[in-house]
Amino acid sequence: MDNQPKILAFAGSLRKDSYNKKLVKNAMKGAEQAGAKVTYIDLNDYPLPIYDGDIEANEGLPENALKLKKLLWEHDGFIIASPEYNSSISGVLKNMIDWTTRQATPEEVYLSCFIDKVALIISASPGNLGGLRGLVHLRSILENIQTWVMPSQKAISDAANAFDEQGNLKKEQDRKATEELAKQLVEKTKKLQLASVA
């Protein structure tokens, strides 16, 4: 049996030069060093309409919602870099969660692609708090849809000056802390995998 943890990494931002896209790619390095198979996705590649119950009732889930659900199902854990918009999470991230928590078939278990998954949440923001206020909301949402969220998180302030031209974090302590959290995510995922087959 393949016990290599599979981690899905993405940012809740659409902007090409997003700080949070850079941050999640920094975290991915730690997860890969810890032995995980990491898949990075860009939500720009999965455009979705604003969640509308009438669309769901009349047309079912959009194709990209089904693709995202499949990706979430196939992975054991998530690294989510969440920008802070007006003290909360971005609309695109909330919309992605709203669509992927819906049932694709009547037989599907509600919230099935989030249940018992492990998530690391991180953030980068130009502000002094580094997006911490948004992470509070993201943690609440994920825990309520039965995802286990790592107690520790990382928020990078002054994000406009935090990355070099290659997208790497400039400060060694930020790089090490971000990678270490991702390693902890992988170790927690491994422990949960072992517990599930014990």
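Reader: Over the face of which residue does Arg15 lie?
Author: This is a predicted model, in which local features need pLDDT of at least 70, side-chain atom pairs count only at pLDDT 80 or more, and totals for chains, interfaces and linings use all residues. Residues are numbered from 1 along each chain as its sequence is written, and side-chain values use heavy atoms, with hydrogens and water left out. A charge sits over a ring if NZ of Lys or CZ of Arg is within 6 Å of the ring centre and within 35 degrees of the ring normal. Arg15, at 4.9 Å from the ring centre, lies over the face of Tyr19.

Reader: Over which ring does the charged end of Lys188 sit?
Author: The distance from the charged end of Lys188 to the ring centre is 4.6 Å. The ring is that of Trp148.

Reader: How many aromatic pairs does the structure hold?
Author: Rings of Phe, Tyr and Trp (its six-membered ring) pair if their centres lie within 6.5 Å; planes under 30 degrees apart count as stacked, over 60 as edge-to-face and the rest as tilted. By this rule the number of aromatic pairs in the structure is two.

Reader: What is the angle between the planes of Tyr51 and Trp99?
Author: Tyr51 and Trp99 form an aromatic pair, 4.8 Å centre to centre. Tyr51 is in the loop between β2 (37–40) and α2 (53–59), and Trp99 is in helix α4 (residues 91–100), 48 residues apart; helices (H or I, at least four residues) and strands (E, at least two) are DSSP runs, numbered from the N terminus. The pair is edge-to-face, with an angle of 70°.

Reader: Is Trp99 buried or exposed?
Author: Buried means under 20% relative accessible area, exposed over 50%, partly exposed in between (1.4 Å probe, protein chains only). Tyr51, at 27%, counts as partly exposed. Trp99 has a relative accessible area of 0%, so Trp99 is buried.

Reader: Which residues does Ala27 touch, not counting residues up to four places away in sequence?
Author: Ala27 lies in helix α1 (residues 19–33) and counts as buried because its relative accessibility is 0%. Contact means heavy atoms within 4.5 Å. The residues that Ala27 touches are Ile79, Ile122, Thr178 and Ala182.
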